[in-house]
Amino acid sequence: MNNTNTENRPVINPIPADGITYYLHPHPRSPFSEAVQVGQTLYLSAMIGLDENGKLAEGFDNEVKAIMANTAEILKRYGLGMEHIFKATVMLTDISKWGDFNRLYKPYFHPARLPVRTAFGVTNLAYDATVEIEFWAHVPTGATAE
């Protein structure tokens with residue numbers, strides 16, 4: 001997300017509960033956590049390609065780029081980077097876009113440290129998005145995602 005749009009967002013206060021830390025979504029109407037940390041794993045909620053105004057990016061390529069940029073920004077808030085991602089789950093409304101997705105996705109990762117990945121075709125996604133991705137990230141020993 002664009003930093004110019006973050007100053008009006010609520011602060012994401014961690015809510016610890018029995019070894020699990022919940023980071024509620026910054027948008028007050030969102031009925032889910034943005035991220036949850038369990039041990040040394042930070043689970044990010046799956047996301048679609050929304051721009052800084054909360055609108056769906058136009059076109060498949062732009063949706064994927066928005067997801068990746070938003071993911072990097074979210075990880076940064078928790079003191080992490082794309083290099084900490086070790087698992088991705090990808091949902092595509094048009095599985096024939098698989099090659100296009102790979103072309104757009106792969107440059108965000110070191111070629112020797114690609115996350116494991118699950119991908120599948122789906123009938124539809126929220127806001128008529130064409131792609132949605134969920135990520136899991138490693139929180140290094142001694143670090144917290146706070």
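## A charge over a ring

The charged end of arginine 117 sits over the ring of tyrosine 105, and its distance from the centre of that ring is 4.6 Å. The model discussed here is a predicted one, and every value below is computed from it.

## The aromatic cluster

Four aromatic pairs are found in the structure. One of them joins tyrosine 43 to tryptophan 136 in an edge-to-face arrangement, with 4.9 Å from centre to centre and 75° between the planes. Because tyrosine 43 belongs to strand 4 (residues 41-44) and tryptophan 136 to strand 8 (residues 131-138), this pair ties together parts of the chain that are 93 residues apart in sequence.

Tryptophan 136 also pairs with phenylalanine 86: the ring centres lie 6.1 Å apart and the planes stand at 70°, which, being over 60 degrees, makes the pair edge-to-face. Here too distant parts of the chain are linked, as phenylalanine 86 is in strand 6 (residues 85-92) and tryptophan 136 in strand 8, 50 residues apart. Through such ring pairs, Tyr43, Phe86 and Trp136 are linked into a cluster.

## Exposure of the clustered rings

## Strand 6 and its neighbours

Strand 6, which contains phenylalanine 86, has seven of its eight residues buried, so that the strand is largely enclosed by the rest of the structure. With strand 8 it pairs in the antiparallel sense over seven bridges, and within this pairing valine 90 has isoleucine 133 of strand 8 as its bridge partner.

Strand 6 is also joined to strand 7 (residues 116-121) by six bridges, and these two strands run parallel. Between strand 6 and strand 7 the chain passes through helix 2 (residues 98-105), giving a β-α-β crossover that is right-handed.

Conventions. Residues are numbered from 1 along each chain as its sequence is written. This is a predicted model: local features need pLDDT of at least 70, side-chain atom pairs count only at pLDDT 80 or more; totals for chains, interfaces and linings use all residues. Side-chain values use heavy atoms; hydrogens and water are left out. Rings of Phe, Tyr and Trp (its six-membered ring) pair if their centres lie within 6.5 Å; planes under 30 degrees apart count as stacked, over 60 as edge-to-face and the rest as tilted. Helices (H or I, at least four residues) and strands (E, at least two) are DSSP runs, numbered from the N terminus. A charge sits over a ring if NZ of Lys or CZ of Arg is within 6 Å of the ring centre and within 35 degrees of the ring normal. Buried means under 20% relative accessible area, exposed over 50%, partly exposed in between (1.4 Å probe, protein chains only). Two strands pair if DSSP finds at least two bridges between them. A crossover is right-handed if, with the strands pointing away from the viewer, the path from the first strand over the helix to the second runs clockwise.
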